[in-house]
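Take the structure below one part at a time. Keep the sequence at hand while you read.

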Amino acid sequence: MFEKILIANRGEIALRVIRACREMGIKSVAVHSTADSDAMHVRMADEAICIGPPSSTDSYLNVASIIAACEVTGAQAIHPGYGFLSENAAFVQALEDHDIAFIGPTAEHIRTMGDKITAKDTMINLGVPCVPGSAGGVPDYETAVKVAEEVGFPVIIKATAGGGGRGMKLAKSIDELEVAFRTARAEGKSAFGNDEVYIEKYLGKPRHIEIQVFGDGKGNAVHLGERDCSLQRRHQKVFEEAPGPVITPELRAQIGKTCAEAVAKINYIGAGTIEFLYEDGEFYFIEMNTRLQVEHPVTEAIFGVDLVREQIRVAAGMDMSFGQNDLVINGHAIEVRINAERLPNFAPCPGKITQYHAPGGLGVRMDSALYDGYSIPPYYDSLIGKLIVHGRNRPEALARLKRALGELIVDGVATTLPLFDALLEEPEILTGDYDIHWLEKWLETNL
Ligand code: ADP
């Protein structure tokens with residue numbers, strides 16, 4: 001087992017990894033920018049090293065500084081968290097060259113899944129159902145017209161290098177196709193340095209269902225059911241739950257098995273998420289994330305496992321601590337993402353926290369790096385905390401969420417908390433009757 005792990009991240013996810021390390025008796029090293037000297041992850045880790053100025057490019061994305069920090073502290077492995085360098089194949093390659101273990105999949109798997117066209121191709125070959133669309137990239141507008149007419153409007157044009165909802169454009173009819181095609185290409189080029197795009201059938205009322213998978217890198221893999229992340233704003237998730245309100249045990253077993261077998265076949269190592277759109281009883285693959293997801297705690301809650309501990313184990317060459325038969329669902333869990341943003345426009349709202357009080361009690365988990373007097377810097381993501389509740393069933397989880405939201409105090413900055421108070425009054429949220437467009441439509445009339 002590793003003696004010391006460096007966490008190449010900040011905020012709540014850095015704390016999440018430090019906690020797992022501490023329970024495993026592993027020393028942790030925090031890295032931070034000059035803007036984060038007073039951050040909680042710096043205080044909580046065993047050691048901390050400054051890796052550069054505030055801008056992420058110069059600090060949390062600075063590969064040379066991070067490798068140097070490993071060498072200075074003697075850390076043998078790096079946990080990347082999510083975002084930043086977590087899905088950067090070149091970074092993983094650089095670590096290999098320096099003999100530092102990466103707590104995550106191989107550079108090759110990251111590369112394959114990071115390119116959405118290659119990922120889709122790979123999944124089709126592994127027997128995973130995909131959204132109908134172009135076979136690979138669409139090189140020019142003339143081809144786009146042909147594919148779109150074959151697939152049938154509406155279609156969505158996606159940049160193969162896209163992510164975070166960027167590089168995706170909807171064309172409802174042929175009149176919108178040219179602009180959508182050229183915009184998706186331009187966005188792919190400017191945001192990701194790659195203008196290759198592909199076309200998919202646009203599904204009208206799907207749910208976003210993702211399957212958590214886990215592999216040991218030696219051909220064994222399991223699935224840990226699904227998360228329903230359909231409540232999204234601008235393709236960003238805001239409320240996630242497990243199990244999914246509309247997924248039956250039979251459907252779960254079937255798609256779970258397909259996913260676990262697919263990742264076993266490629267000797268996948270560590271945590272991964274296979275994302276699907278789900279409509280009328282059918283699953284359609286959209287992408288695979290080769291890292292720990294923000295919403296992993298809902299899965300941990302219902303299965304009673306520690307996914308970060310498991311990631312560390314397999315990265316150190318150990319076996320997984322569970323097999324498929326050990327994984328039994330217990331109850332229902334919900335996570336809400338709390339952002340320092342001002343409603344109704346969701347404008348980022350950094351600033352000083354004058355008072356912070358986390359909720360507690362049975363079935364409540366608050367993952368946050370906030371504390372009284374902390375100043376949220378303006379340079380990074382606006383996620384300031386995740387509130388996760390667990391109950392014996394969905395109604396109990398919803399009641400617990402409402403109760404916990406009532407206890408939570410975040411003063412000094414505007415947050416998205418009022419959104420959740422309002423959502424918990426909505427009949428569709430209470431019954432679980434929502435698709436990926438529900439929240440955006442609700443926001444238009446309710447905020
Ligand atoms: P990103 O990598 O940017 O997150 P994804 O491919 O995962 O992009 O898609 C993000 C979201 O966009 C999905 O959760 C869904 O809401 C929407 N979306 C993607 N593909 C389709 C599609 N074919 N039809 C309808 N909506 C889609």
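Is Val151 buried, partly exposed or exposed? This is a predicted model, and in it Val151 belongs to helix H7, residues 141-151. Val151 has 18 other C-beta atoms within 10 Å. A residue counts as buried at 20 or more such atoms and as exposed at 12 or fewer, so Val151 is partly exposed. Leaving aside residues up to four places away in sequence, Val151 touches Pro132, Gly133, Ile199 and Lys201. The C-alpha atom of Val151 is separated by 40 Å from that of Leu398, and the two residues are 247 places apart along the chain.

Glu428 lies in helix H14, residues 427-431. Here 12 other C-beta atoms fall within 10 Å, so Glu428 is exposed. The contacts of Glu428, not counting residues up to four places away in sequence, are Asp433, Tyr434 and Trp438. Trp438 is ten residues from Glu428 along the chain, and their C-alpha atoms are separated by 9.1 Å.

Next come the sheets. Strands of a sheet pair through backbone hydrogen bonds, either parallel or antiparallel. Ile5 stands opposite Ala77 in S4.

Another open sheet has three strands in the order S7-S6-S8, and here the pairing is antiparallel. S7 (166-171) and S8 stand at the edges with a single partner strand each, so one side of each has no neighbour in the sheet. From one strand to the next the twist averages 25°. Five bridges hold the antiparallel pair S6 and S8, and Ile156 has Glu200 in S8 as its bridge partner. Helix H8, residues 174-192, packs on the sheet and touches S6, S7 and S8. The direction of H8 makes about 175° with that of S7.

Glu200 leads on to the ligand. How many residues surround the ligand? There are 19, and the closest are Glu200, Leu203, His235, Ile286 and Ile436. Four strands each supply at least two residues of this shell: S6 (155-163), S8 (197-201), S12 (269-279) and S13 (282-289). S6 gives the largest share, three residues. By type, the shell divides into eight nonpolar, seven polar and four charged residues.

Some elements are mostly covered. One of them is helix H11, residues 307-315, where seven of the nine residues are buried. These are Leu307, Val308, Glu310, Gln311, Ile312, Val314 and Ala315. What lies over the buried residues of H11? The cover includes helices H1 (11-24) and H10 (296-303), together with strands S4 (77-79), S5 (101-102), S9 (207-216) and S12. Just after H11, Gly317 takes a positive phi of about 90°.

Strand S21, residues 383-391, is also mostly covered, with eight of its nine residues buried. Which strands pair with S21? Strand S14 (residues 332-339) pairs with S21 in the antiparallel sense over eight bridges, and Asn339 stands opposite Leu383 in S21. Strand S19 (residues 364-368) also runs antiparallel to S21, joined to it by five bridges. In that pair, Ser368 stands opposite Gly385 in S21.

Finally, consider the record. UniProt, in an unreviewed entry, places the feature "domain: Biotin carboxylation" at residues 1-444. In the model this span is 35% helix and 29% strand, and its end C-alpha atoms lie 51 Å apart.

Key. Residues numbered from 1 in each chain as written. Predicted model: local features only at pLDDT ≥ 70, side-chain atom pairs only at ≥ 80, totals over all residues. Near = placed C-beta within 6 Å. Nonpolar A, V, L, I, M, F, W, Y, C, P; charged D, E, K, R; others polar. UniProt positions renumbered as here; feature names shortened; annotations may be inferred. Contact = placed C-beta atoms within 7 Å. Pairing = 2+ DSSP bridges. Axes fitted to C-alpha atoms, helices over the stretch in contact; angles between N-to-C directions.
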